[in-house]
Amino acid sequence: MKPKILHVTAVTDNFPDGQKLTAAKVQFDCDISSCVHPAQFRVAGKRVIAFRTEGDTAILELEPAGLIPPPPKPPKGAGSPPPQPKGPPNLPPAIRLPVEVAVTYEGTEYISDSTEEPVVEDFQQFLLDGMWYNLFVPELKAGKTYPLVLFIHDAGACGADPKITLSQGSGAVSFAAPQWQEKHPCFVLAPQVDKYPYGPMTHDDFTVTRDLDRIQAIVDHVLDQYPVDRKRIYTTGQSMGCMASCELNIRYPDLFAASLLVAGQWSPEKMAESCPHNNLWILVSEGDRKAFPGMTAVTDAMESAGATVLRSRWDGTKQAQELTELAYREMKKAGNVRFTVFAGDSVLRDLTDPNPGACHMATWPVVYPITGLKEWLFTNGK
């Protein structure tokens, strides 16, 4: 009797540059280890790179494909783009592609009816004051409190789907991953900013939209609802999220035990005035035309206001473990502000994108896999 397909599952995995579709699992009604072969299968729009069977299931490993497509490029010869407002580029809203696959087996197509999304599926989605947010809740034990990590995404990830921030990069999921939670159980809070109709949340003139107030309201709500250790609240963010984290430090200088600030810039005067003694680790690419000079000005101003600034220059082509060792060395030094610059365009690694913003966007996939940076964050408490 011909084996019958019961279920098809779309499977994802998490990478430094985001969540990707990596496999299709096809479950049959019997053991198929000796009666199916790779030539019987096709996956629409995907390249199968490996095939194996496990009892009643055929597993088709796919060439990893991201779930957040890049914004469309203007057609050649389209002329000059319209003037852009101050702040992050006015990109169209990001979308998250459905987590699904279409598998053809012996001429019949089957659409996936379930998903496996490690870590991402462990977040819960909630809505407060018109803003979606994702919350990872650790395994709670009676009488214990736990740190909270606030992650704020960049402008390119603005959109209506609450899971965009979980799929576009690894800033949130890296703190919720089992290997991190085993050592450092914590809450992970990842708001999803939809910039319409308010525009990007942060601007180059150091102003913000009301979305920042919404994020603070979400933080306050989570603190009221869950056993959070209020002496160990941390913030981190990339680009727009870095800028938002800077402004939150200015408004609430006693809220965060430490901040990990990636590829952003903000007001040197405000940072120096409000939070010169806060624990900050700032990381930018030397090839980032805004963040590098912007954060150089911030650290100079904070140093003049009394901060102890430790400066370092790293090779962004090094692997995460090598960069973690560098982070451990920096952690041994006394100082409350660490300013790490990735040399030249080294964060690009194997990328050849000539886009002038490439060094900017390539910074956070290098930063968040560096375990030592997250370890530093968690060594701080009030």
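Reply: Ala263 counts as buried, at 1% relative accessibility. Keep in mind throughout that this is a predicted model.

Me: OK. Where does Ala263 sit?

Reply: In the loop between β14 (258-262) and α6 (268-274). The backbone there is worth a look: Ala263 has a positive phi of about 55° although it is not a glycine.

Me: And Val119, what's its phi?

Reply: Positive, at about 70°, and Val119 is not a glycine either. Val119 belongs to the loop between β8 (114-116) and β9 (124-128).

Me: Is Val119 buried or exposed?

Reply: Buried, with a relative accessible area of 8%. The cut-off for buried is under 20%.

Me: Switching to helices. How do α8 and α11 cross?

Reply: The axes of α8 (residues 320-331) and α11 (residues 371-379) come within 7 Å and cross at roughly 30°. Angles under 35 degrees count as roughly parallel, so α8 and α11 are roughly parallel to each other.

Me: Which residues meet there?

Reply: From α8 you have Thr324, Ala327, Tyr328 and Met331. On the α11 side they meet Thr371, Gly372, Leu373, Glu375, Trp376 and Thr379. By type, the contact of α8 with α11 divides into five nonpolar residues, four polar and one charged.

Me: What about α4, how far does it reach?

Reply: α4 (residues 211-225) has 15 residues and reaches 21 Å from its first C-alpha to its last. That is close to the 21 Å expected at 1.5 Å a residue.

Me: Which of its residues are buried, and what covers them?

Reply: The buried residues of α4 are Asp211, Leu212, Arg214, Ile215, Gln216, Ile218, Val219, Val222 and Leu223. The cover includes the strands β9, β10 (131-136), β11 (146-152), β12 (187-192) and β13 (228-238), plus helix α5 (240-251).

Me: Then how many α5 residues are buried?

Reply: 11 of its 12, so α5 is mostly covered. Among them are Cys242, Cys246, Glu247 and Asn249. End to end, α5 reaches 16 Å between its first and last C-alpha, close to the 16 Å expected at 1.5 Å a residue.

Me: New topic. Where is Thr340, and what does it touch?

Reply: Thr340 is found in strand β17 (residues 337-342). Not counting residues up to four places away in sequence, Thr340 touches Trp281, Ile282, Leu283, Val284, Ser312 and Trp314. Thr340 counts as buried, at 0% relative accessibility.

Me: Which side chain makes a polar contact with Thr340?

Reply: The side chain of Trp281, at 2.9 Å.

Me: How far is Thr340 from Val173?

Reply: Their C-alpha atoms are separated by 23 Å, and the two are 167 residues apart along the chain.

Me: Last one, Ser174. What does its side chain reach?

Reply: The backbone oxygen of Ser170, at 2.9 Å. Ser174 is found in helix α2 (residues 173-176), and it is buried with a relative accessible area of 15%.

Methods. Residues are numbered from 1 along each chain as its sequence is written. This is a predicted model: local features need pLDDT of at least 70, side-chain atom pairs count only at pLDDT 80 or more; totals for chains, interfaces and linings use all residues. Side-chain values use heavy atoms; hydrogens and water are left out. Axes are lines fitted to C-alpha atoms, for helices over the stretch in contact, and angles run from 0 to 180 degrees between N-to-C directions. Helices (H or I, at least four residues) and strands (E, at least two) are DSSP runs, numbered from the N terminus. Angles under 35 degrees count as roughly parallel, over 145 as roughly antiparallel, 65 to 115 as roughly perpendicular and the rest as oblique. Contact means heavy atoms within 4.5 Å. Ala, Val, Leu, Ile, Met, Phe, Trp, Tyr, Cys and Pro count as nonpolar, Asp, Glu, Lys and Arg as charged, and the others, Gly among them, as polar. Buried means under 20% relative accessible area, exposed over 50%, partly exposed in between (1.4 Å probe, protein chains only). A polar contact is a pair of N or O atoms within 3.5 Å; within protein, one must be able to donate a hydrogen and the other to accept it, and residues adjacent in sequence count only if both atoms are side-chain atoms. The expected span of a helix is 1.5 Å times one less than its number of residues.
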